[in-house]
Amino acid sequence: MHQSNWRVGLPLALTTAFLWGLLPIAMKGLIEDMDSTTVTWYRFFGAALFAGVWYGWRQELDLKSLFSGKLLPYTVLAVGGLLANYITYATGLNYITPGALQVLIQLAPLLLVIFSVFWLGERFSPRQWVGVILVCAGLLMFFNQRLGELWAGEDREYLIGVGLVVIAAITWAVYGLFQKKIVAESRPQNLLTLIYVAGTLCFLPISHPGTALQLDWLGWGLLLFLTANTLIAYGAFAKAMEVWEASRVSATLALVPLMTLGLSTIIGAIWPGYIDMEPMNWISWVGAITVVLGSLLAAIGRGR
């Protein structure tokens, strides 16, 4: 077992959290000029190209190991989970704001912990159940200004976005769970490279790569950042899961929504009109913090 080095795992998890905090902000700015499926395809294509060349040159790839024995079903589920996560996440961003998306996607690490209880046999303590309750209460508080219209079905587009992000959270948790099983027997870069290649092939028929030629310098900058984000964030996440406990990694990732909300506020003040801001009152801010605290408690509430 290699799950005790917090000095390596914590910086890696924080790197992932910061990059994921920036992700929807950058993507929201780009999907004004390029559809979300094409953005997703470019992220996979760039990552597959770089990872294939880099790991191939260093002779650190062994994709065959992912298709042997008991790893095959884990591989299929992990690949399918992350591909589904990417496309539902990107599509959901068409309908809701980056801040709302990141608060809602906080269900993902919570679900990873819950899935770990049933699949990995981890114990779920009373404190963790309190964390689940806090997350649910926090979400209601965060969306307090929209609950009426969502319940009445008045804002169907926003409701569609919420549904897509919930699916993205579930599929990410599926990926995280089986990724944890895979990296115990295979190097993280094997699974990530396979996912990048699979995403490139799966999304090519429904994407429009030629639209990149119409982007300005800002669009190209955002596209390059999103590609690098894919490589660095998931590489850091995979390594963190390899060297640190899954619950601790999940706890660190709980900070992502606050990072996105804070960065959105700063960018909105410096660059008005760049992205849509989620309407927030003090109850919404308390709700966002409650979601984070609930996720932290659910992730690390087992004690020793």
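The expected span of a helix is 1.5 Å times one less than its number of residues. Keep that in mind for helix H2 in this predicted model: its 22 residues, 36-57, reach 32 Å from the first C-alpha to the last, close to the 32 Å expected.

**The ends of H2**

- At the start of H2, Asp35 points a side-chain oxygen to within 3.2 Å of the backbone nitrogen of Thr37.
- Just after H2 comes Gln59, with a positive phi of about 55 degrees.

**The largest cavity**

- The largest cavity has a volume of about 260 Å³, and 16 residues line it.
- Closest to the centre of that cavity, among the lining residues, are Trp20, Tyr89, Gln102, Ile105 and Trp172.
- Four helices each give the lining at least two residues: H1 (6-30), H3 (71-92), H5 (107-119) and H12 (256-270).
- H3 makes the largest contribution to the lining, with three residues.
- Sorted by class, the lining of the largest cavity has twelve nonpolar residues, three polar ones and one charged one.

**Ser264 in H12**

- Helix H12 also holds Ser264.
- With a relative accessible area of 5%, Ser264 falls under the 20% cut-off, so it counts as buried.
- Leaving out residues up to four places away in sequence, Ser264 touches Ile25, Pro98, Ile275 and Met277.

Methods:
Residues numbered from 1 in each chain as written. Predicted model: local features only at pLDDT ≥ 70, side-chain atom pairs only at ≥ 80, totals over all residues. Heavy atoms only, no water. 1 Å grid on protein atoms, 1.4 Å probe; cavity = no way out; pocket = protein on both sides within 12 Å on 5 of 7 lines; lining within 4 Å. Points joined across faces, edges and corners; volume = space filled by probe spheres on them. Nonpolar A, V, L, I, M, F, W, Y, C, P; charged D, E, K, R; others polar. Buried < 20%, exposed > 50% of the residue type's maximum accessible area, 1.4 Å probe, protein only. Contact = heavy atoms within 4.5 Å. Polar contact = N/O pair within 3.5 Å; in protein donor to acceptor, adjacent residues only side chain to side chain.
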